[in-house]
Every structure is written in C-alpha cells, then in structure tokens.
Amino acid sequence: MERTKSHEPEYASSLIEASLDPLIAINLAGKITDMNQATLKITGLNRDLIQGSDFSDYFTDPEKARNLYAEGFANGFVIDSALTLRHKDGHLTDVLFNGSVYKDRQQKVLGVVIVARDVSAQKLLSKYSLSLIEASRDPLFAISPAGKITDMNNASLKITEMSRENLIDTNFIDYFTEPEKAREGYELVFINGFVEDYPLTMKDGKLTDVLFNGSVYKDDRGNVLGAVVVARVITEQKRIEKELTEAKVFAELATGIAEEAKIKAERATEIAVDAVKAKQQFLSNMSHEIRTPMNAIIGFTKVVLKTDLNAKQKEYLTAIKMSGDSLIVLINDILDLAKVDAGKMIFEKTPFKMELSISAMLHLFETKIQEKNLRLVKEYDPKIPETLVGDPVRLHQIILNLLSNAVKFTTKGSITVAIKLLKEDTNSVTIEFAVHDTGIGISPLKIEKIFENFQQASSDTSRLYGGTGLGLAIVKQLVETQGGTISVRSEPNIGSVFSFVLSFQKTNEEAELKVDIVPIDHKIKNIKVLVVEDIALNQLLMKTLLDDFGFERDIAANGLIAIEKLKSKSYDIILMDLQMPEMNGFEATEYIRNTLKLQIPIIALTADVTTVDLAKCKSVGMNDYLAKPVDERILYTKIISLLNKSHSNLVQKNVDVSQSKKLKCIDLEYLIHRTKSNPKLMMEMIALYLEQTPPLILAMKKSWENKDWNSLYSTVHKMIPSFSIMGISSDFENMAKKVQEYASTQLKEDGIHELVLQLENICIQACSELEAEFILIKNNKS
C-alpha cells in the first residue's frame, strides 16, 4: 500500500523503534530531540527525562561525546567512534557510534541521528582472545571496518613503542611506510574475509618487514564487527634470503670451478682407464705369446716322457717340464695381480665342504714335506659348519701361497695349518686361517713391506730360495678384496705365523662335488673332434693328444676354414683357439651359433685367462674353456663331460619340440645364470613363483574392482621383480609400472583396465610354462 506524507512520522517512528541498538536524534545545540526504546533501556531513564537533555551528559567522557557530534555536523557523518555510556545505576556499556546529519526540504541541516552499537560483549571476547594470544611474539591488531585500531597485544606495543591508550582508535595505516598499501591490505580482509602473507614494512625506527595474515570476526547474528591481523616479522627471514642469494652466487661460482675440476678429473680418469686397458692388453698379449710356445714345450715334454727313455733323458725332460711349470706359475701370478689391481677379479659364491677341500689341498704337499723331513700338522675347529658358501678356488690359492712359502723357507721342524671359528651368527661365520712354520723367519725391518709387490725378506732370499716376491702381494690382495684381513708375526731363526680372517655365508644346500678327473678309456671310439688352431706346433700337439685318446680329428687353421668344414661335415665337439688370423675364435663361435644354428659343444683353448676373455667366451656361446698349456687329463675329462651333457640335452629337446611351437613368454637364461645351472635351486625358485603368483593375480583383480588403490599399488609392486627373474618381457614390467602410477595418482585412467587384464594373462601363461619347465628339470635331474 502506498505510503502517504501524512503517515511519514509514524512510519519513521516504527523504523526507529524496530532497531535493537540505541538511536538518538540530536539538534544543532547538542540537545536530544528523540530516542528509541533501546536508548531508554541502556540508560535506565524514561523518555521525559532524556528529552531535551544534553547528549554529552550520558557518557564517561563528555568532552569526547561533544567532539563526536560536532564531527558529525562538520563532516555530515561519523563512523565507529568509541564511547562508554553510563546507566543511571552506574553500569557502563562500551559502544561504537555511527551517525549522519538529517536535513529539511531546503537541505538545511536540522540535526544528527546517531546509532550506538553495544560492543561490551565484543570487548569481553576481545580480552579473552587477547589473553590467549598475548604470549605471541608476533604483533596482533584488532581493526574496525573503518580501519581504526580497537585492540592489540603487547608485541604490538613493543614494535610500535607506543602505549595501549595511544594506539586505541588510531588509524591502522599510520604505522606503515606505505599507508595506501596498508589500506588495501585491511580492505582485502573485509572484502574476502581473510588475507594471507600480505607484505608490509612497519615504521618502528628500524623499518621492520612483516607479513600480515588476518580474518574478520562477527557477532552472533553474522554481522562483521572487525578484523584481527597478525604481523609475522620476517626481518631474519629476509636476512637469510639475502645470505642464501649470496651463497647461491658463491655456490654457482664454486660449481663452475668444480665442473672444471670434474672435467679435468674425468680426463685424468680416462687417461688412467686407458692406461689400465693398455696394461691389461699388454698382459693379455704377453700371456698369449708366452703360453703358446710353453703349451708346446710342456705338452711335447709330457708326450716324450710317456715313451721309453733312459735315466738321463728322463731326468733332463723332467727338469724341462718343472721349469715350464714354474714359468706358468709366474705368468699366473702376474696376471692375477693385474686382475686384482684392475678390479677384474671375480669371486665365486658356491657351496663347498671346507674341511674336505683343505684336506685335499694339503695332500698335495705331503711328498714335498716328507722329502724335507718336516711334520705337517692340521688343526681344524670341529665347530665350523660342514658346508659354507664362498670361493674355494681363491681360498686354495691363498693357502697354497702361504704353505708354499712355509715349505720353501723351513728346513727343520714342522708346519701347522690351523683353522679356527672366531664368530658365528644365523647367516654367516668368521674364520681365522693360520700357517705356522719353524723356518728362517723375517727381520722386523722387512716385515712391514713383506706384502708389497716384488718384496722378499732379504736380498739373499731370492738367490738362496728363488721366487719373485709376488705370492704374498697376491695373497694380501685376494684376502682384502673379499673383505678380510691378513697379518704376520715372525722372529728370525724361530719361525713365522701368517694368518688371515675371512667371512663365509652359511647354507643348507649341498656342496657341488668337484668333477673328478676321468681316466682315459681307449675303448671309447668314434668321437669326431674339430681342432681350430693356427700355430703349427699346437696343431701337432693336439693331434698327438687326440690320437692318444683314440679320437678322430680334423684341423682348421682359422675360423673361416672351420666354418667351411662344419658346412660339409658333422663333429661331436670343437676345440677353439681364441686368437687367430682371418676369423678369431669369438667370431667363429658367434657364426656357428647364430648363422649355422649349431649347438655342438665348443671348448675354448685360451692362452689368455683374464676375466674379460672368460666372460666373453660364455657370452658368444662357448660351453667351457681350457687354459694353455693343456693338461691332457683335464682335456679328456671336459670332452667326455660335455658330450654326456649334450646327449642329455638332445633328449630334452625332443620333449620340448611340441611346446616350442607356441611362442613362449618366459626365458630362463637369467635364472640359469643366477643359479649357475643348479637344478635344485632353479626348481626352488620356480616353485616359489608358482606359489606366490596366483594369489597376487587374484589380489590385483580384486583391488581394481574395489578401487582399492593402495592394495593395487602394493600388489603390482610385489609382481614386478619376478618378471626379470623369469625372463618375461620388459614390456610387461612397464605395463605394471603404469598400473602402479595410476594407483598412486588416479590420473589418466585410459587403458588401465586393459593393462590389468594383460598382466593377468601373461602371468597365467608364465605359470603354465614354468610348470612344464619344472617337470623337465625334475626329470632330467633324476
């Protein structure tokens, strides 16, 4: 309904009375001309007493009240001015005044209307809040919407160096180097409801850098009463940032210097590596060049020694053979030392029976010790486990060197080999090996250098007893490279004790028995051997040895000739020299395996027994190797052993023919390598895969269906290592990693379900193929 002019006074009066806040109309003289019911309630007076009274009479600070309404008339308004009203019974109420002038129709100012907002509860809450944050070392301000400071903590007083009374009701922006920026800051609080890390600089005599964080606070009706802002002092942080910047500059300079040093170091390393390679190549060439004629000298000496000889001839030939054997030992020492220096020495980890192994080795010295009328004593700790994991060949080499020295330098008395258990836990044992002798001993001046290359106890030692001084240097290198320690105690003319300590892994596996030397059986005929050798003298020696075995043989002077012979004739086994003109042994073997597709056993005949060559022999497909000079008993044993194994494989191939038609997803080459073709260990690892994989497949599918991402990630993580162990393509490992990535982020879902299905299928196929492999290995083993 339209409101008429006659109703306007009543309408205005109803609006005034509807306000819960005290409302007062004041004329130009400062007299109260009207008020609402809330005013009567807050003063405790009736309307008649208040009407016409002086506005300033109702406040604790009359002068401030007069200034307030004067400000209203002067400016046309007043905003959030703080006063304290007095009730007739003396009760005080804190209020904030907001007001504006009102005018007649000719725009003449008639008076001012002021609304008093009761902020007592607000102040009480502020005091409570202030008590909670007063301990804060960061300045805190309460600000009204008009930007006036209504409260603060002690940290604010400290940083501004002003009292609470002087700060109250002053402008917040006045305490900053950039007032307008400060105004924008607190206005942002009221616009957004909060502000975060707003940078300002306070004018406190030191220009303190701060970051402001703040938010509004409201009454119980949701009305914004003001804002609280906290100033985090960041002067120290800025100092640190400056120092970090400076440090970064210095670091960049240092990095540049380091990079330059790195380049120089890399160049030096390259030079050193090239030098090591050159040394290795030189030793390899030297080994080949010396071993080739030595092979013939020792080989033919053995052949001649088998013929009818008179005593003098046999004596001379035996001396030649002994000299050749000594020269081979020297070559081996030099090469071993070079391999350790170059980090190329590889230590096997195979199960072996230590007591049996050492007893067999000591047996080799019995004749020599008896010849010198010495006693050999073995002291073996019975607490040492029967089977241990280690490198028995290198252990023998260490003890042989020490025992050889003891025999060499002892002319009377005894030699004791003592093996004692020092420490044992669930996984390993630590054992001390000691060789005691009653020999010539070592001078205290020489004992510190006894393990250095080419060092001997005195200048007379080499002349009287022989030797190069390399044995102990090699022993020290072999012990320390395996993580062990070696020491010596000695007194001249009393004797010496060389002792070393090594750790070995415990195992429940059976030790692999050393292949016994097979006695030559002349009844075995019809074995066709292809000898690939370019040196005429070595060709003749191999012909002699093979004729003695009763085998058929053909000779090829290089790899190309060997390949032509293989195209037209079949052989049971190949003896392949490595270094030949036209086509060497490595190239020829690769061609035989990859082009001719022949699986005929190949034994490498090498004068170079460095680790690099042996690894290369295996990588190109050679089945075994034999170092020159060739020992005819070992040669015969290796030929017979490989031919027996070849026949077993042939039977297995016939079983596998039907399965080979289907594309296999597994490749057991890695497993065979890691287990050293140990059927028991291979079966154990395959059984573990077959046991763990089906539950993992089910868990993977269930996790995907239930959207259980943590479980999916964990399950696939457990599946990944088995892919490489069982020779499953790396493509599936990459699929599994994509599924893991999705499970971790839930991003890029496209195709993930398909990948889960593919992983399921490939694992099921792998299980099927591994079951078949398990049966084959088990049958061949039995």
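**Ground rules.** I worked on a predicted model, where local features need pLDDT of at least 70, side-chain atom pairs count only at pLDDT 80 or more, and totals for chains, interfaces and linings use all residues. Residues are numbered from 1 along each chain as its sequence is written, and side-chain values use heavy atoms, without hydrogens and water.

**Helix α8.** I looked up residues 179–192, which form α8. Helices are DSSP runs (H or I, at least four residues), as are strands (E, at least two), numbered from the N terminus. I checked the length: the expected span is 1.5 Å times one less than the number of residues. For 14 residues that gives 20 Å, and the end C-alpha atoms are 20 Å apart, which agrees. Just after α8, I found G193 with a positive phi of about 90 degrees.

**Aromatic pairs.** I noted 20 aromatic pairs in the structure. Rings of Phe, Tyr and Trp (its six-membered ring) pair if their centres lie within 6.5 Å; planes under 30 degrees apart count as stacked, over 60 as edge-to-face and the rest as tilted. F172 and F212 are edge-to-face, 5.7 Å centre to centre with 80 degrees between the planes. F172 lies in the loop between α7 and α8 and F212 in strand β9, so the pair ties together parts 40 residues apart in sequence. W704 and W709 are also edge-to-face, at 6.0 Å and 65 degrees.

**A charge over a ring.** I saw K707 over the face of W704, 4.3 Å from the ring centre. This requires NZ of Lys or CZ of Arg within 6 Å of the ring centre and within 35 degrees of the ring normal.
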